Amino acid sequence: MQVPSYAKINWSLRIVRKREDGYHDIDTIFQTISLADTLTFERADRFALTCSDRTVPVDERNLVAKAARALGVDRVAIHIEKRIPAGGGLGGGSSNAAVTLMTLSKMFSIDAPLDRIALQLGSDVPFFLVGGRAHGTGRGEILTPLPDIDPVPLLLVMPRERVSTREAFQLVKIGGNANNDFEEPIFAKHPRLREYKQRLLDAGATFAAMSGSGSTIFGVFADDATRDAARATFGDVRTETATTVGRA
Ligand code: C5P
């Protein structure tokens, strides 16, 4: 069985406070986008996990393996066809984990509290059980679904720079007034990212921002033609086109 595993962007992301448990309360608007990995699930004699991207670990560190283990499933072969870059702020690993929880619980008729397991796997995983556009508070797991919007053309600029979410939270100052509180500290560390954001705006984006803790910078365009013309000006860095996607 083949299942798409969609990426997300954050329309906005504020860091509200540092908590006693070491995590931060955030206030964010998540949005599913069309960029997706493909996960293939097949019954097997034992657990096996493979990935098209050799740089992605396929051992117990992989959130897909953790998700299967959390459900007690060990007779499945899973393959990840990767298109969402790791460390890019697009929630690729979290999305893969949520898809694994949803698919395996159906495939093996397991009645488990998926939202609680999802949060144990990672702060962004619960969103991917909901999808579409949603307001997230707490660690991002207190979710309010928002009405879908018409598909919006997006250009994703995916720099080589990779950002560790944990380190990004350590760098962030609380109480700014940016659209994404991670932008200032991450742009200070990786000045090229600020330039990509400006170049998106110069190329006609009506809005541009970093997604999550980066490093992906996305631009919003009025139409596909403007977006595609903008893409042609980014020969020096990986880009992908995408659109927003509504709730399944
Ligand atoms: O939840 P997840 O494992 O994805 O988080 C990775 C790291 O990012 C956490 O260990 C924590 O340091 C930081 N984090 C945080 N507040 C959040 C989410 C993540 O401080 N809401």
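Mentor: The discussion below turns to the ligand and then to the backbone. This is a predicted model, in which local features need pLDDT of at least 70, side-chain atom pairs count only at pLDDT 80 or more, and totals for chains, interfaces and linings use all residues. Residues are numbered from 1 along each chain as its sequence is written, and side-chain values use heavy atoms, with hydrogens and water left out.

Trainee: Which residues are around the ligand?

Mentor: A residue is near a molecule if one of its heavy atoms lies within 4 Å of it. Here the shell consists of G22, Y23, H24, G122, S123, R139, T165, R166 and F169. Accessible areas come from the Shrake-Rupley method with a 1.4 Å probe; taken alone, the ligand exposes 450 Å², and the protein buries 74% of that.

Trainee: Which polar side-chain atoms lie by an oxygen atom of the ligand?

Mentor: A polar contact is a pair of N or O atoms within 3.5 Å. One such side-chain atom, in H24, lies 2.7 Å from a ligand oxygen, and another, in S123, lies 2.6 Å from a ligand oxygen.

Trainee: Why does the ligand lie between the domains?

Mentor: Domain bounds come from an automatic or database domain assignment. The ligand lies between domain 1 (2-145) and domain 2 (153-243) because both give residues to its shell.

Trainee: Which helix gives the most to the shell?

Mentor: Helices are DSSP runs (H or I, at least four residues) and strands likewise (E, at least two), numbered from the N terminus. Helix α5 (residues 165-171) gives the most, with three residues.

Trainee: Where is the cis peptide bond?

Mentor: The bond from G214 to S215 is cis, with omega near 15°. S215 belongs to the loop between β8 (207-210) and β9 (217-220).

Definitions and conventions. Polar contact = N/O pair within 3.5 Å; in protein donor to acceptor, adjacent residues only side chain to side chain.
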